[in-house]
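Subject: Structure handover and notes

Hello,

Please read them with the coordinates open.

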Amino acid sequence: MSTLALLGGTPVRTEKFPGYRVIGQEEKDATARVIDSGVLSGFIAGWHENFWGGPEVRALEEEWAAHFRVKHAIAVNSATSGLMAAVGAVGVEPGDEVIVPPYTMSATAVAPLVWNAVPVFADLEPRGFCLDPVSVEARITPRTRAILAVDIFGHPYDAEAINALARKYGLAVIEDCAQAPGATYRGRFAGTLGNLGVFSLNFHKHIHCGEGGVVVTDDDDLALRVRLIRNHAESSLDNSGITDLRNMVGFNFRMTELEAAVARCQLRKLDRVLPERQENCAYLNARLGEIPAISPTWVREGATHSYYFHALTFDEGVAGVSRNRFIDAVRAELPVTELREKEGVNLRSGYVKPVYLLPMFQERQAYGSKHCPFVAPWHEGNVSYAPGICPVCERLQSSEIFVHELMRPPFRREDLDDVVRAFEKVWEHRKDLA
Ligand SMILES: *Cc1c(COP(=O)(O)O)cnc(C)c1O
C-alpha cells in the first residue's frame, strides 16, 4: 500500500461504492395509482378549476408547504422553470439587472435572461461559497431589480446581510435552494429566506421525481403570478380579473401527476436521508480536517447545511503539491459509485467554471445575433463579464476547492473510512507527486 495508485500502486479500494437509492415500493405504488386513474396530468390552460393542476399536484403542493412551513408551494417541471417563473413574478423587466453568483448551475444565471434582464455577477464568500454581501452591494446600480441568492452545496446564503441590502435598495430576493432542501437558517428552512424559493427534484438532488421543481413563497400575489406563468398565463387572464399584465407571458412549466405522486413519497423520505448525509459529512469534516492542507466545510452561525456536495478547501502552499494533482491521486485510489458508473469517481477538483466565463456571456450573445439583451436600447448599463471580475470564485475554482459525493446514504462508516484512507495515503506520499 505504499505506492500511490496514480503511480502504479494498489488502490485503497476497488469495490464500487453503494448507489444512492431512494426510489422504492412507495413510489411504485404511487405511480401505479396514477396510471390506474388514466389521468396523467390534470392541468387545463384556462381560468377553470383545473387551471391549478390535478389532485396529485395539489396534494404535493399542500404537503410541501406544510413541511417547509410556508404559505404557498407551486409545483413546476424543473427548478430551471421555477427560477424563470420566479424572476418573472417579481416583475423583472427588460433592461433591469439581477445580481447572481458565478458559482452555481448555469440555470440560475440564465433565468433573468428569459425576461430580457441582464445578469450581474457578484463574488463569493471565501469560506461560505455563497454570495458575498460586500460584493453584492458594490454591484447594485439604479437598474438592479432583484438578487438571486443560491444556497450553494446546501449552505444557506447570508440571509441577514443580503436581505438587509434588499430592503435598503428595494430589491426582491429569489432563493435558489435546489441544493438545500432541509437546510435551515435561524430556525427557518432554506427556500423561505427570501421572497421566493426554488427547489429542484431532478435525479441528482436529495429527493427526486425524474424532473421537477417547487417554488415557495408566503406572498399571495407572487404565488398567483408564478401559477400564471406556469400555465400559459395569457390564456387565463381574460376571466381572472387580473389587470397587471407585466410578464404575463405564460409557459408550460406544469408538473405531471406521475412526478407529483413520486415527489410526495420523496418528501416523506427527506427527514430520513438528510440527517444521514449530515452525519457522514460531520465525520468526514473531522477526519479530513486533520490533514494540514485541508479545511473542513465552514457553516455560518445559525445555519445547518444539507450537503448536496461536500465542499472542502485545499491549501497548495501547505501541501507543496497542486490541488489538481492531489485530487487526481485521491481519485485513483477510489472506485466509482453504483448507478453513476459513467461519471467516474464522484470527487472533483473545483465545482464549475465561473458562469460568466461561458461563451454566451463572453460573446454577449443570447437572443439572436444582435447581442440582445446585453446590448439593447432599454439597457443603460455596461456590465462586465471579463475574467477577473470575481477573483474569489476564480481562485476557488482554479486551485482551492474540491467537492465530492462520497457520503450519500447508504454510505456506512467503512465506506467513509476508505475515503479517509485514500486522502491520508496521498497526503503521506504527496512528495512522490512532485
Ligand atoms: C440542480 C440545480 C438547478 C436546476 O435544477 P433543475 O431541476 O434540473 O432545473 C438550479 N440551480 C441549482 C443551484 C441546482 O443545483
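Of the 14 residues around the ligand, which come nearest? They are Thr80, Asp176, Gln179, Ser200 and Lys205. Please keep in mind throughout that this is a predicted model.

Ligand site

For Thr80, the distance from a side-chain N or O atom to an oxygen atom of the ligand is 2.5 Å. For the side chain of Gln179, the corresponding distance to a ligand oxygen is 2.8 Å. In the case of Lys205, a side-chain N or O atom lies 3.2 Å from an oxygen atom of the ligand. On its own the ligand has 380 Å² of accessible area, and the protein covers 93% of this.

Strand E1 spans residues 72–76, and five of its five residues are buried, so the strand is largely enclosed by the rest of the structure. The burial applies to both faces: His72, Ile74 and Val76 lie on one side, Ala73 and Ala75 on the other.

E1 pairs with strand E9 (residues 213–217) in the antiparallel sense, over five bridges. Within that pairing, His72 has Thr217 of E9 as its bridge partner, and Ala73 has Val216.

E9 is likewise described by burial: five of its five residues are buried, so E9 is largely enclosed by the rest of the structure. One side of E9 carries Gly213, Val215 and Thr217, the other Val214 and Val216, and both faces are covered.

E9 also runs antiparallel to strand E8 (residues 196–200), to which it is joined by four bridges. In this pairing Val198 stands opposite Val215 of E9. Ser200, one of the residues that come nearest to the ligand, falls within the residue range of E8.

The sheet E7-E6-E11

There is also an open sheet of three strands, ordered E7-E6-E11 and paired antiparallel. Its edge strands are E7 (188–189) and E11, each of which pairs on one side only. Strand E6 (residues 184–185) is joined to E7 by two bridges in the antiparallel sense, and Tyr185 stands opposite Arg188 in E7.

Helix H13

Which residues of helix H13 (residues 391–400) are buried? They are Val392, Cys393, Leu396, Gln397 and Ser399. The cover over these buried residues includes strand E12 (310–314), helix H10 (316–319), helix H11 (323–333) and strand E14 (401–404).

Cysteines

How many disulfides does the structure hold? The count is zero. Cys209, for one, is in no disulfide, and the nearest cysteine sulfur, belonging to Cys265, is 11 Å away. Cys209 is buried, with a relative accessible area of 9%.

Backbone geometry

Most residues other than glycine have a negative phi, and most peptide bonds are trans. The following places depart from that pattern and may be worth a look on screen.

- Cys372 and Pro373 are joined by a cis peptide bond, with omega about 5°. Pro373 sits in the loop between helix H12 (359–362) and H13.
- Pro409 and Pro410 are likewise joined by a cis peptide bond, with omega about 10°. The loop that holds Pro410 runs between E14 and helix H14 (413–428).
- Phe129 is not a glycine, yet has a positive phi of about 70°. The residue belongs to the loop between strand E3 (118–121) and helix H5 (133–139). At a relative accessibility of 6%, Phe129 counts as buried, since the cut-off is under 20%.
- Tyr307, also not a glycine, has a positive phi of about 50°. Its place is in the loop between strand E11 (303–304) and E12. Tyr307 is buried too, at 7% relative accessible area.

Regards

How values were computed: Residues are numbered from 1 along each chain as its sequence is written. This is a predicted model: local features need pLDDT of at least 70, side-chain atom pairs count only at pLDDT 80 or more; totals for chains, interfaces and linings use all residues. Side-chain values use heavy atoms; hydrogens and water are left out. Buried means under 20% relative accessible area, exposed over 50%, partly exposed in between (1.4 Å probe, protein chains only). Contact means heavy atoms within 4.5 Å. Two strands pair if DSSP finds at least two bridges between them. A disulfide is a pair of cysteine sulfur atoms within 2.5 Å. A residue is near a molecule or strand if one of its heavy atoms lies within 4 Å of it. A polar contact is a pair of N or O atoms within 3.5 Å; within protein, one must be able to donate a hydrogen and the other to accept it, and residues adjacent in sequence count only if both atoms are side-chain atoms. Accessible areas come from the Shrake-Rupley method with a 1.4 Å probe; for residues, only the protein chains shown count as cover.
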